Amino acid sequence: MMTWRAVHRGVHVVTAIVGAALSRGVLAQAPAFINFETPQVHPIDITPNGLVLVAVNTADNHVEVFDIVGGLPVHRGSVFTGLEPVSVRARTDSHAWVVNQISDSVSVVNLQSMSLERTVLVGDEPADIVFAGAPQRAFVSLAQPRQIATFDPEVAAPTITTININGNQPRAMTTSPDGSLVYVAIFESGNRSVIVPRATVSQGTGPYGGQNPPPNSGTSFVPAINPDNSQPPRVAHVVRKNAQGQWRDGNNRNWTSLIPFDVIDNDVLVIQASTGTVSAVTGLMTTVTGIGTAPNGQVLAVGMESRNEIAFEAQLNGTFLRCQASLVPSGGSGSATSFDLNQHLNYALPSTDIVTRLQSIGDPRGVAWHPSGSRAFIAGMGSNSVVAVSPAGQRLAVIQVGEGPSGLVLAPGGEKLFVLNRFDGSISTIDTATNGELARVAFHDPTPTAIKQGRPFLYDTHLTSGLGHVSCASCHVDARSDRLAWNLGDPSGAMIAFNATCVEDGLCVNWHPMKGPMVTQTLQGIIGQEPLHWRGEKAGIEDFNVAYTHLQGRESEITAAEMAQLKAYIATLAFGPQPNRNIDNSLRSSLPIFGGIVTGSGGTGNPQAGENMFNTLATLPNAPGGNTRCVDCHPGQVGTGNEIGIPLGPVQQNRKVPHLREVYRKTGADLQSTSARRGFGFNADSEFATLQDLLQVGFAWGTGATAITRRRDMEAFLLSFGTDTHAGVGQQAVASNGGGAGDNIARINQLVSIASSGTAGLVVKASGSTQPRGWMLESGGFRSDRQAEPLVSASALLALSGPQNPLVYTLVPAGAARRIGIDRDQDTHLDRDEVDAGSDPADPTSVPNSCPADLSSDGLVDGADLTMLLAGWGKGGQTDLSGDGTTDGTDLAVLLASWGGCR
């Protein structure tokens, strides 16, 4: 019989799910722009001859092409590649290779014809590409599966082989000057910090004799414990391995005898291009964000070094992290030299004067070496600046650029430095002789205003911190997580009265300010899922305002209006597609799992069987109110009803029932291993290193082989738990033979079928040597980018493809197909109609008019328009009045025939 309590809980869960769905737009009209906040890796490059600059336009799914013959970038045009391009390399003077992270592909762009020649499907979450070896091969870092994909770049349909990488999130890459080595930066390398389990901390043989929570200053607490509070809960503890191989906490106490496990700390991996053998460079920094090779073969890695072994917010305020660089010897052998990128700062205080603060670099990303080897340039994405440093780490210059600089490239002679400013969609040109910005040119950026207004309050280190080098994004890296646990409690703080919805009325307790270490959570998908944080003590994002002053050292909190802008921005953050599902979003019948001590490491599980158990099997016999299924606490698409769980057993605190959309990213910790990839695993304080550790505590799975199989299947399902994005979004297929031999018709038909169901959109792009065109699937047919053209059938569209006119089919988020496919600037005028009329489809202020030859828009066709046409000679764009792709004599004739006043 269903009790009143169960009915009450069910109503609360349904209300939470519906509210969340409305806030995320699930039940409302799907938005035209989905903010995956995909991190750029190597977003800008220059051709070997120094004449063409290429830059990814992540927000608009294009690569932008600029001529730099005169020294400054002049926009030539853009080519659609795939969803969320993050890296580009100009392999030759005529071809650029673009990495599309959401589309899991690499696009080969012909820079002479401004066309897309090839699309290579490489694997999940590609991040960067380099070319090395003899004969030369392409190397692509695959962030999520921890692999490097390699193939022959000269083969039209290459065979992909992979090299396994022992590290989380391999992203940025560089090569040795002779091309024999590939260096891979491990983004989530960690800092060899781990969690000491709660039970171990409480043992009398520990360095504090079992005192829990442990003190942080000798035998005392700083700040002192508030005597008005109740006894603090027993908690886990963070320790870190030092250079002597000892596990020490922030109070310099030695825990080595109590820690039988260990973690790796691979920061840069070195691959022999000819053999694929891999070696590691260790001990550099926590998060390796950028990497570049000097002319002498040394490698400069940059990133952030976290100090999470130090307990309590007051001790970390303004100084919890360093922006760091490490110079690695050629080949990766020998000792690396590390140095602070902000040596001008005094870390004894959480803040400084504004002049000093503006000299700081925050969130370092791209690296570019001057060809002389005398200096390196580093992009500060958080500080909106570029710094120049000597090989010894001496600061040489600070150059202010646009917002969010993420990538750098130098002209071959080193006289110009080009900077891609991610957040304002522009490229800065810097004179390296004077270290001054010469110009800044913008390109089309469809990012909504709400995102642009709110982003600075997450990323901008000068705006949001006291020393100018940290921000919220220092831990919530790229709006995600640093994958570390931090003890941000406050011994001197006050108790927080419980005011949320408890899973069992009356059994939740007040929140203690000494909460112990907790793993950084992602910001994706949190708005609409309140209350927030692991314990649920934050009613909304507004309750985190105090972090600006108490953790980041800012003099004051941001205003209510600014907080509203931050909240609006965070509300746009979406999870990407779930990589462990089929592209039709269905569960697989078998999936590799991490495993654990009970089931054995590795192996497979059945996600379909796991889902059935999740929804039907009563696995918690001792749950309050009786046996409980997983779905009872983790309902709906998000996997939580947002209720607060009661303290149970050794866990003496309330904890919000966590969502399940990011479980697959958390594997790697293992308390039974001496070579685990992570120091932190599952639940608030990482008390469970693996999912199997979690699934064996308090759960009833049966006995013997049945229990083991059930645990493995449940893990496989949790690793496949869906996100708020269809699993197939981004997937591509190419037709270049009219549907004949070589065209993957089955995959094309599958994409059409998925989009026809309404769960995603489908766009088709033709950007070969003929006219660039676009289509979107609509009402069973394909609507083109010319308004007057009727819908075309799938078969008729397919027949248009050919070797010189490949069609690229791309599955896109529902609601985004019109913008991505046929109306790039969302001005209601379709793209090809704009080209035909002489207006710019990438500029919402440029629209077709009855006088396309009036290039200057002054109502007259005169000398000003003739000058503009001649300046565009041989190019496409606005001056291509005939729409044939090139400004030539035909267009001159059109202009002369229209001479005079517009009618």
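Contact here means heavy atoms within 4.5 Å. This is a predicted model, in which local features need pLDDT of at least 70 and side-chain atom pairs count only at pLDDT 80 or more, while totals for chains, interfaces and linings use all residues. Residues are numbered from 1 along each chain as its sequence is written, and side-chain values use heavy atoms, with hydrogens and water left out.

Start with confidence. pLDDT is the predictor's confidence in each residue, from 0 to 100. The chain has a mean pLDDT of 94, and 96% of its residues reach 70 or more. Residues 1-28 have a pLDDT below 50, and beyond near neighbours in sequence this stretch has 36 contacts in the model.

Now take Thr464. Thr464 sits in helix 7, residues 461-464. Helices (H or I, at least four residues) and strands (E, at least two) are DSSP runs, numbered from the N terminus. Thr464 is buried, with a relative accessible area of 0%. Buried means under 20% relative accessible area, exposed over 50%, and partly exposed in between (1.4 Å probe, protein chains only). Leaving aside residues up to four places away in sequence, Thr464 touches Pro456, Phe457, Val470, Ser471, Tyr548, Gln552 and Arg554. A polar atom of the Thr464 side chain also lies 2.7 Å from the backbone oxygen of Asp460.

Four strands make an open sheet in the order 1-2-3-4, with antiparallel pairing. Strand 1 (44-46) and strand 4 (74-80) stand at the edges with a single partner strand each, so one side of each has no neighbour in the sheet. Two strands pair if DSSP finds at least two bridges between them. Strand 3 (residues 62-67) and strand 4 pair over six bridges in the antiparallel sense. Val63 has Val79 in strand 4 as its bridge partner.

Move on to strand 7, residues 105-110. Six of its six residues are buried.

Strand 6 (residues 95-100) pairs with strand 7 in the antiparallel sense over six bridges. Asn100 has Ser105 in strand 7 as its bridge partner. The two strands form a hairpin with four residues between them, and Asp104 in the turn has a positive phi of about 55°. Strand 8 (residues 115-121) runs antiparallel to strand 7, joined by six bridges. Here Val108 has Arg118 in strand 8 as its bridge partner. This hairpin also has four residues between the strands, and Met114 takes a positive phi near 55°.

Terms used:
A polar contact is a pair of N or O atoms within 3.5 Å; within protein, one must be able to donate a hydrogen and the other to accept it, and residues adjacent in sequence count only if both atoms are side-chain atoms.
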